[in-house]
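Me: I have a structure open and would like to go through it slowly. Could you help me read it?

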Amino acid sequence: MRYETPATIEAAVGLIAAETGIARVLSGGTDLLVQLKAGMIEPDLVVDLKRIAATREITAEAGGFRIGSAVSAASLREHKALRAAWPGIIEGLKLIGSTQVQGRATLTGNLCNASPAADSVPCLVAAGASARIVGPSGKRDIPVQDVPAGPGRTNLAKGELVESIFIPAAAAHTGSCYLRFTPRTEMDIAVVSAGVSVTLDASGTCTAACIVLGAVAARVTIAEEAAKAIIGTKVDEAALAKMQAAASAAATPIDDKRGTKEFRIEVAGVLARRAVEKALERARGK
Amino acid sequence: MPLDAKPGMDFKVIGTRPVRPDGIDKVTGRARFGADFNMPGQLTGRVLRSPHAHARVKSIDVSQALKLQGVKAVVTRDDFNADAVDPALMDVLVNVMARDKVLYEGHAVAAVAAVDAPTARQALKLIKVDYEILPHVTDVEEAMKPSAPVLHADMFTDGVEPRPTKASNIASRVEFGHGDVEAGFQQADVIVEREFRTEAAHQGYIEPHAVVASMGADGYAEMWCCTQGHFMVRNISAHLNGVDVSKLRVTASEIGGGFGGKTTVFLEPVALALSRKANRPVKLVMTRDEVFRASGPTSSSYVKVKIGAKKDGTITGAYAELAYQGGAFRGSPVDMGAMCTYACYDLKNVQVVGYDVVVNRPKQAAYRAPGAPQAAFGVESVIDELAQKLGMDPIDLRLKNAARDGTKSSYGPTFGPNGLIQTLEAAKNHPNYKVKLGPHQGRGVAVGFWFNFGGQTAVSMNVNIDGSIALAVGTPDIGGSRASMGLMAAEELGIAYDKVRTIVADTASLGFNDVTEGSRVTFSSGLATVQAARDAIKKMCGRAAQMWGIPEDAVEWKDGHAHPAGANAGNFPPMSLADIAKDAGNTGGPIAGHCEVNAEGAGISFATHLVDVEVDPQTGRTQVLRYTVIQDAGKAIHPTYVEGQYQGGAAQGVGWALNEEYIYGKDGRLQNAGFLDYRIPVCSDLPMIDTVIIEVPNPGHPYGVRGVGETGIVPPLGAVGNAVSHACGHRMTVVPMSPPRSLKAIKG
Ligand SMILES: Cc1cc2nc3c(=O)[nH]c(=O)nc-3n(C[C@H](O)[C@H](O)[C@H](O)COP(=O)(O)OP(=O)(O)OC[C@H]3O[C@@H](n4cnc5c(N)ncnc54)[C@H](O)[C@@H]3O)c2cc1C
């Protein structure tokens with residue numbers, strides 16, 4: 001196995017495009033190294049992006065945030081403007097592993113590891129984030145939800161990698177929240193999760209909402225009917241109840257060691273409701 | 001053996017809380033655990049394990065693996081001579097290296113020793129095993145059905161008359177009790193009968209099994225490993241390899257948890273075989289995945305309980321039926337489970353029947369009070385339900401029927417002095433029993449019992465030239481026992497704790513010691529330490545007598561000094577231990593005390609646990625709000641480590657009650673062989689566990705010690721079960737009470 005630390009994105013792309021065996025990109029390594037040690041993957045080439053200065057920067061762009069692929073969860077948690085705009089994304093990051101793991105773990109790695117239970121992804125999707133992909137044939141931007149193809153697989157082509165993630169500005173009176181269900185208090189993996197974003201107008205009517213469920217399908221689930229149930233309403237009890245039922249209905253989980261299908265469907269609605277209630281509180285507070 | 005209790009029990013150092021000898025090494029990282037031992041020229045070993053739950057091993061071809069550069073040895077079943085193995089150890093041999101069949105996923109079929117780990121891993125891939133896959137069964141109730149695939153064609157249920165003629169998975173039937181239960185039920189005003197199920201839990205020790213074995217060209221060998229009993233490791237590893245016991249010397253490393261799971265061998269005989277074949281030291285370390293699949297978790301169980309009582313709470317009849325699977329071999333702890341089932345109660349009519357069942361799972365190993373928690377879950381749940389039906393406080397109902405001094409136990413013996421009543425009374429008066437509960441909260445009470453054990457023990461105590469003491473014990477320290485030995489030695493000798501250094505000696509340096517199990521060490525090695533100290537004292541008094549020129553029996557030992565026994569003995573100034581030690585070379589040579597004993601008189605220990613929980617009615621998730629352990633320690637030698645045992649037992653019990661379980665797929669493979677999906681509690685899952693130490697002295701120990709290590713895991717399943725049942729308004733009968741199960745119960 002070769003380990004490379006290129007200084008530019010172009011060099012990184014060149015390395016992985018040229019590799020005839022299995023090439024893997026390494027950001028924080030908190031998934032990759034675990035998989036290597038467990039013998040789950042045996043790559044021929046590992047390309048570490050952390051020496052590329054641009055991958056470690058957070059830059060302001062169009063009122064939003066462009067986040068280099070190697071920026072750690074710990075740095076993001078300390079970013080005041082991001083924290084104020086998208087508390088739900090920060091809540092997802094805060095749940096990843098431990099303080100030590102967060103010193104390394106990245107948003108990009110969480111996304112590209114393509115686990116349906118990834119904690120930062122539902123709120124990224126709810127925020128309308130996009131991923132900038134670079135490869136031998138140039139750059140393209142795609143919605144973050146289109147990066148994972150299924151558990152452990154991405155839609156990136158040979159030689160492609162994620163250079164950065166763009167999180168747009170939050171509209172006025174927008175609140176977000178991420179909640180996950182785990183049997184333990186920490187060091188656990190989501191059995192079900194919900195990341196939501198809710199925008200109100202000055203009168204308190206919901207003008208936009210996005211409700212995203214994690215761990216209830218092979219990829220994150222955007223529960224459109226659930227969002228529709230509250231858009232145009234004052235988000236009263238009736239709307240919330242309708243939203244909760246729609247969120248449960250959108251969940252298509254399987255039975256596995258982490259939970260039963262029945263349980264996940266039920267709790268998907270419960271978490272969506274609790275997350276919307278919290279997001280509303282935040283939206284109203286702004 | 002007469003054991004004089006210390007007059008008046010006015011202890012000087014017993015009951016204090018000094019730092020343990022291994023404490024600083026463990027927090028600074030200097031302590032050496034199993035995997036920390038390395039030898040020059042050492043090879044890396046790895047074990048090839050069965051991917052199938054049940055299969056015939058038609059052939060094993062290792063030729064390609066042997067051709068790989070860097071591979072120095074491969075061993076399989078052919079490297080062990082089964083004909084020379086004691087029938088009583090045959091299952092151990094078959095478990096460490098499969099013979100005609102693999103009996104569970106993870107069963108070892110071959111092992112390699114190579115120059116490094118990648119080569120060893122590569123070599124495993126080159127071993128060709130031809131399997132004929134057989135039908136499997138992993139569930140205890142399924143395995144008992146006549147239609148189940150039979151694991152062992154020669155297993156005919158023991159304990160059944162007449163002996164069955166058809167082989168089955170039921171290895172044996174046991175029965176305990178007295179009186180007439182049917183007549184008892186006739187007298188009852190209320191009867192509760194229920195079925196319970198518990199899943200298998202793993203001990204979850206943080207340190208995986210690890211061993212280095214090194215056999216020289218002369219056939220003499222050494223071994224370093226993490227184990228609860230290095231004498232056991234020596235005897236079994238030597239025997240399975242056809243080596244004289246004297247040719248193998250085993251040193252126990254520091255141990256990162258055992259809880260019963262390290263009271264047997266897995267890797268050690270294999271490492272020795274590899275080292276012999278390679279003529280180099282070989283190190284074998286399990287991965288966590290291997291620990292889950294191939295070491296010994298506890299039994300899963302089916303438990304049926306029926307108890308009848310009069311309106312005033314008097315229990316008139318108690319019956320239970322237990323079926324425990326012990327993995328692929330006979331020997332589940334159902335016998336001990338059956339003995340413990342009703343041990344907390346004073347009953348006229350009681351009967352317990354137990355079945356030891358084999359399934360295609362790893363061979364179970366002891367786990368803290370093996371067999372008792374599963375049965376106690378059933379009994380304590382039914383007692384709780386009876387209290388509800390009778391409108392009685394659950395502690396009062398237990399007090400009414402509790403075992404006392406003089407109670408004839410359900411398994412035979414008559415109990416001596418014990419602290420059950422005191423623990424119940426302390427529970428009733430504890431402030432935690434009076435806290436008001438909020439919505440969705442519930443409180444649970446349960447009691448528990450464990451026998452405790454004595455066993456073979458040898459201790460050696462050397463009096464050093466400067467008056468310090470080198471104390472060698474043969475029982476690996478898994479819970480702070482070196483500190484307790486040091487305290488007992490210091491107390492008896494009348495010197496300061498820090499003048500005594502306690503070590504765990506290797507197998508060549510002491511007489512045989514039974515494994516650290518059965519909560520026996522502070523009792524047995526402690527008793528032997530006190531005896532060894534008395535032996536040394538006698539010798540030191542002799543030396544003083546010699547120096548003073550008076551008879552030996554005219555010298556007495558007080559506060560660390562030899563004194564003339566009275567005015568008639570002469571008027572000599574007292575001689576300190578250090579004074580006597582300094583002159584030992586001139587008065588007869590080195591001074592040492594010894595004790596070799598088969599310790600009897602281990603005192604039983606009872607506990608009462610209280611727990612409050614809150615269950616989220618929309619997700620079924622249980623949070624433990626407060627937890628209280630009240631247990632009889634006889635005498636707490638080092639109270640901090642007694643409390644640690646109480647808290648540890650409760651923490652493990654809470655994990656088992658709420659989330660820990662072995663999950664098997666239809667293919668008979670374990671699905672959650674890692675700490676991500678086998679969920680032991682993390683710190684933030686538990687409140688600070690409150691403890692109360694009750695001390696009703698055990699007459700069998702000079703200071704009154706009872707074992708405390710195991711009783712603590714007996715009540716939690718029942719206590720948590722009762723609390724969750726009250727919080728959800730539904731009787732929980734399956735462990736673990738994981739969120740999906742609890743939510744289903746709430747939703748009805
Ligand atoms: C103890 C522990 C606890 C954890 N707990 C959680 C948790 O609670 N919740 C959770 O969601 N996760 C958890 N994780 C998983 C992990 O920490 C996160 O998924 C993390 O965000 C991964 O980021 P990383 O930078 O370390 O990824 P890496 O390990 O560097 O990469 C992950 C994957 O993405 C690919 N990749 C990385 N960078 C790029 C790129 N720029 N372009 C294309 N592909 C790329 C890699 O090749 C790899 O396949 C835990 C991990 C550990 C070790």
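Me: How many residue pairs are in polar contact between chain A and chain B?
Reply: This is a predicted model, and in it the count between chain A and chain B is 14 residue pairs in polar contact, with both residues of a pair at pLDDT 80 or more.

Me: Which helix of chain A gives the largest share of the side that touches chain B?
Reply: That is helix α11 of chain A, residues 261–285, from which six residues of that side come. Sorted by class, the side of chain A that touches chain B has eight nonpolar, four polar and nine charged residues.

Me: And how many salt bridges are there between chain A and chain B?
Reply: The count between these two chains is seven salt bridges. In one of them B:Arg679 pairs with A:Asp188, and their closest N and O atoms are 2.9 Å apart. As a general point, side chains of opposite charge can pair when their charged atoms come close.

Me: How many residues does each chain put into the contact, and what area do they bury?
Reply: Chain A contributes 21 residues and chain B contributes 25 residues, and between them the chains bury about 2,000 Å², of which 51% is on carbon and sulfur atoms. On the chain A side, A:Pro183, A:Arg184 and A:Lys257 supply 34% of the area buried against chain B, which is more than any other three residues.

Me: Changing topic, which residues come nearest to the ligand?
Reply: There are 31 residues around the ligand, and those that come nearest are A:Val25, A:Gly28, A:Thr30, A:Asp31 and A:Asp119.

Me: Where is the ligand's oxygen relative to the side chains of A:Thr106 and A:Asn110?
Reply: An oxygen atom of the ligand is 2.7 Å from an N or O atom in the side chain of A:Thr106, and a polar side-chain atom of A:Asn110 lies 2.9 Å from an oxygen atom of the ligand. With A:Val162 the backbone takes part, as one of its polar backbone atoms is 2.9 Å from a nitrogen atom of the ligand.

Me: Now chain B. Is B:Asp632 buried or exposed?
Reply: B:Asp632 is buried, with a relative accessible area of 0%, and it is found in strand β25 of chain B, residues 622–632. A polar atom of its side chain lies 2.9 Å from the backbone nitrogen of B:Gly634. Beyond four places in sequence, B:Asp632 touches several residues, including B:Asn418, B:Ser605, B:Tyr646 and B:Arg706.

Me: What about B:Ala719, where is that one found?
Reply: B:Ala719 is found in helix α19 of chain B, residues 716–728, and B:Ala719 counts as buried because its relative accessible area is 0%, where the cut-off is under 20%.

Note on methods: Residues are numbered from 1 along each chain as its sequence is written. Chains are lettered from A and ligands numbered from 1 in the order in which they are written. This is a predicted model: local features need pLDDT of at least 70, side-chain atom pairs count only at pLDDT 80 or more; totals for chains, interfaces and linings use all residues. Side-chain values use heavy atoms; hydrogens and water are left out. Helices (H or I, at least four residues) and strands (E, at least two) are DSSP runs, numbered from the N terminus. Buried means under 20% relative accessible area, exposed over 50%, partly exposed in between (1.4 Å probe, protein chains only). A polar contact is a pair of N or O atoms within 3.5 Å; within protein, one must be able to donate a hydrogen and the other to accept it, and residues adjacent in sequence count only if both atoms are side-chain atoms. Contact means heavy atoms within 4.5 Å. Buried area is the accessible area (1.4 Å probe) that two parts lose on being put together, summed over both. A salt bridge is a side-chain nitrogen of Lys or Arg within 4 Å of a carboxyl oxygen of Asp or Glu. Ala, Val, Leu, Ile, Met, Phe, Trp, Tyr, Cys and Pro count as nonpolar, Asp, Glu, Lys and Arg as charged, and the others, Gly among them, as polar. A residue is near a molecule or strand if one of its heavy atoms lies within 4 Å of it.
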